[in-house]
Amino acid sequence: MTTATTTRPDLPVTGGPGRVVRPRPSGGTVVFWAVAVAVPLLFLGVFFAWPVVVMVGKGFVADGHLDLSGFAEVFSRPRTWRIVGLTLAQASIATVVSVLLGVPGAYVLYRRRFRGRGAVRALVTVPFVLPTVVVGVAFRSLLVDGGPLGFLHLDGTFAAIVSALVFFNYAVVVRAVGGLWERLDPRAAQAARALGASPWRAFRTVTLPALTPAIASAASLTFLFCATAFGTVLVLGGLQFGTVETEIWIQTTQFLDLRAAAVLSVVQLVIVAGVLVVAGRARSRQERALALGAPAQTVRPLTFRRPAGRPRGDGHAAALGAVAVTAAVVVLLALPLVNLVVRSLRVGDRWGVDHYTSLGTTGGALTVTVWQATLNSLRVAVDATVLALVVGGLVALVVSRRPRRVAGRRAVAGLDALFMLPLGVSAVTVGFGFLLSMHRPFGLDVDLRTSPVLVPIAQAVVAVPLVVRTVLPVLRAIDPRLREAAATLGAGPGRVLRTVDLTIAARSVGLAVGFAFAASLGEFGATSFLARPDRPTLPVVIFRLIGRPGADTYGMALAASVVLAVLTAGIVAACERLRAAGTGGEW
Amino acid sequence: MASTISHPGRSPRRARTLMTAAAAAALALSGCSAIGASGSDGDATSSASGSSGTVTLVTHDSFGLSDGILDDFTKQTGLTVKVVQPGDAGTLVNQLVLTKDAPLGDLAYGIDNSFASRAIDEGVVVPYTSTAPAAKDGEQYAVGDSGALTAVDMGDVCINTDHTWFQQHGLAEPTSLDDLTKPEYKDLLVVPNAVTSSPGLAFLLATVGAFGEDGWQDYWTKLKANGLKVADGWTEAYMTDFTAGGGNGPRPIVLSYASSPPYTVPDGGTEPTTGALLDTCFRQVEYAGVLAGAKNPTGAQKLLDFLLSDEVQDDIPGSMYMYPISSTATLPDDWAQWAPLATKPFTVAPDEITQNREAWLADWSETVIG
């Protein structure tokens, strides 16, 4: 049951019905779309744009008037150019490596079926949420002289930073590309093969172009994450590999040189905007009608032996190559995680679960037990996820429209890019911006800065782009004929939206919930600068435990990290199951 | 219109989606939500510290007192303490400076001597002289003569060594800063980064105190030539690079605190396996001060007095890992035995630190990081 669908609903579909003459939009429709655009814009404006503008503005206003001399000064420092160069180098290399490794990974984990696939998918997502301080321990204790991988002499090198960035972002590529590849109808590639193309040529000319929008999307996400990585860079490489992000952190938190920080924030914004434009172009140039199928038809079991009756040169060797690459990557990803588990089970000279039993105590270093902190984390994550889902869902719905007018299309593309920005702007700028702007916002008698409400909101701002990137591809792939058929049969616009868009979009909700939940559980960026009330979350507790001497608190910190990892993997796996159950036979 | 996309596979999926939505709603409603739960904690989103019944303490991430201590304060004064923690110790003062027109609370606690002058110069805190007896003990650490900051606790940042490693290798342990540049200790030292870590900055200040404003750069050049390793923070240095920090790293000399050794007494053992070199220390002092523009300045003063009471002072070593300022407070037994403070720590005046911090750190980065 495969249906040809298109990602460009405004393109005439060959052989399809003629364009339905659309009635003038009713008042209700207009109101609905106005609200759908206004709510996310208001949310982003109040909780992201405004704090950033206030913070950056503070750096450019001296004695009441605009002072842009900071640009000349900051750019005359040779250090600035080195930092910009290092930022671009780190982020681009890490993005390229993530894509090169992630595409075969997407093939193996989403296009092939094998026992334990769900577990492997969940495993590769775990690094995405681990606090940097834990990854620092897990990674560096492998790389340090005398450690298991000490012979590589990678500790404190550029290569160590890049591998850690890949460690964090591999899952982003695998999931984004895998989500599309899983549904890609194999018959186009098969047709090319039947016409005499080699497997490589068929992949290059048929499959790869079809995947390009997803790859561009994943690459831009990865680039944003890498360009704003902060802890990873400092912990694994140190200041000699400082980036724009680490420099903003130093100028703001250590020197309070807001002028330099503001200039660097603008530099960061320019880099990020440039990347979003390039990625957007790559995406739209390749975006076209795609034949999608249900995973049931496209996913084949993984076999090591060539299936009987298949001729040589059928790409089986390439598939095995992808399996080998992916297996190697999974082992490399698992190494630091296994290292973490092993160390958490080490009690003095023996093995035991003592550190896990002490999670029920405060360990003498905490105000709450680790389990209470876990509950706090879950509560915050529920709020953040609900918020991100509502806002991100509306954004995806709006952005999935293809207005007929050029101006409208541009506006939609702009909105799409706008909601990616929270991933590309420094957490320090946002966090300090909150402190500056959330006291009596808009004259309301509310001090939001010290309110617990701000924590899930700050996390939702970061989770919204992930929700959009997950839901959007599905909405864009909806066959416009479904909507038209619904309209022809007499459904009002609201009913079409409800029965077509929302019903189909709901299938990706599981994945989006998993992503948003995971992002919230691990978020330690802007949140760490909020005046959080004393209700610590799991990453905060881990941070406190690992900041004290003593083998016991160290062991407890590692055990708590394992809990965070298992919790995340569990939630991601549950959401995958939800999705798998939801997609069966839909198309 | 359901008929257009109706399909046999749809109903169970839809049921599942509904179930999920219902579960999510139930979770949110049943209080599995921070926003939902905030009301029950008596958290006032409006007028954070407006009523006389609440006093808001602004402090760093490492703050924490044993259970029940802040409740005792409430019993004594009728005031409820709300704690807000906007970041780590290094960023606290800058956050206070940025928010001074609309302070985050009433009392600031956790401003250390490397940032103390900035807090006073920027007018973040206002003078208050506590009548608590411990306030006298802290007078020797007074910053300037404004009386705006009161010393509450202190600690010594010192070089620590792993006794076991040195015994196994038959090498005599270093005792002074100069020893660390000797060839026999090549590739053995790890310190946290002075720019990104507050103990790292404290060690830089120790060398400024020891070798003078013009001599410390040479010392660091020698350290670097002798195989110095710079880790990002204390956690990375102590937990990953140090041989006795839990991570079984490769380096037996680390920058840590005078109070670290008691935590290395092995299970069943009686003595710590590490020690602090007391001739290499810099003293960190943590201050509290009433915030300018506090909504509840009297409450803030009462809370500051309470921080100086022996009830809190006795609790500080165990819960915050610093030494009490009060001379009448009791130290935990293992601290009394294994964690003496330095008798002559290196010092640099707070206003000198504020003036030179940026230049010194730039110099340090140039010399050490390159």
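Axes here are lines fitted to C-alpha atoms, for helices over the stretch in contact, and angles between N-to-C directions run from 0 to 180 degrees. Two packed helices are described by the angle between their axes and the distance between the axes. The structure examined is a predicted model. Its scores are ipTM 0.81 and pTM 0.84.

Two helix pairs of chain A were examined. In one pair, helix α19 (residues 454-476) of chain A packs against helix α21 (residues 493-505) of chain A. The angle is about 135°, and the axes are 9 Å apart. Angles over 145 degrees count as roughly antiparallel, and 65 to 115 as roughly perpendicular. The helices α19(A) and α21(A) are therefore oblique to each other. Their crossing is right-handed. On the α19(A) side, the contact is made by A:Val471, A:Val474 and A:Leu475. On the α21(A) side, A:Asp501, A:Ile504 and A:Ala505 take part. By class, the residues of this contact are 5 nonpolar, no polar and 1 charged.

The other pair joins helix α4 (residues 117-129) of chain A to helix α13 (residues 316-344) of chain A. Here the packing angle is about 60°, with 10 Å between the axes. Again, α4(A) and α13(A) are therefore oblique to each other. The helices α4(A) and α13(A) cross in a left-handed sense. The contact of α4(A) with α13(A) holds 9 nonpolar residues, with no polar and no charged ones.

Chain B was considered by domain. The domain assignment gives domain 1 of chain B as 19-154 + 285-338. Domain 2 of chain B is 156-282 + 343-369. The C-alpha centres of domain 1 and domain 2 of chain B lie 29 Å apart. Their contact takes 15 residues from domain 1 of chain B and 12 residues from domain 2 of chain B. On the domain 1 side, α4 (89-98), α5 (116-121) and α13 (333-338) of chain B each supply at least two residues. Of the elements on this side, α5(B) gives the most, with 4 residues. The side of domain 1 of chain B that touches domain 2 of chain B has 6 nonpolar, 5 polar and 4 charged residues.

Confidence was then compared along each chain. Chain A has a mean pLDDT of 82, and 89% of its residues reach 70 or more. Confidence in chain A is lowest in strand β1 (residues 3-5), at a mean of 40. It is highest in helix α3 (residues 78-111) of chain A, at 93. The pLDDT is below 50 over residues 1-20 of chain A, a stretch with 44 contacts in the model beyond near neighbours in sequence. Residues 582-587 of chain A also stay under 50. For residues 582-587 of chain A, the model has 25 contacts beyond four places in sequence.

In chain B, the mean pLDDT is 86, and 86% of the residues reach 70 or more. Helix α2 (residues 34-38) of chain B has the lowest confidence in the chain, at a mean of 47. Helix α11 (residues 297-308) of chain B has the highest, at 97. Over residues 1-15 of chain B the pLDDT is below 50, and this stretch has 22 contacts beyond near neighbours in sequence. Residues 36-51 of chain B are also below 50, with 28 such contacts in the model. Where pLDDT is low, the predicted coordinates should not be read in detail.

Notes:
Residues are numbered from 1 along each chain as its sequence is written. Chains are lettered from A and ligands numbered from 1 in the order in which they are written. This is a predicted model: local features need pLDDT of at least 70, side-chain atom pairs count only at pLDDT 80 or more; totals for chains, interfaces and linings use all residues. Angles under 35 degrees count as roughly parallel, over 145 as roughly antiparallel, 65 to 115 as roughly perpendicular and the rest as oblique. A crossing is left-handed if the near helix is turned anticlockwise from the far one by less than a right angle, and right-handed if clockwise. Two residues are in contact if their C-beta atoms, placed from the backbone, lie within 7 Å. Ala, Val, Leu, Ile, Met, Phe, Trp, Tyr, Cys and Pro count as nonpolar, Asp, Glu, Lys and Arg as charged, and the others, Gly among them, as polar. pLDDT is the predictor's confidence in each residue, from 0 to 100. Domain bounds come from an automatic or database domain assignment.
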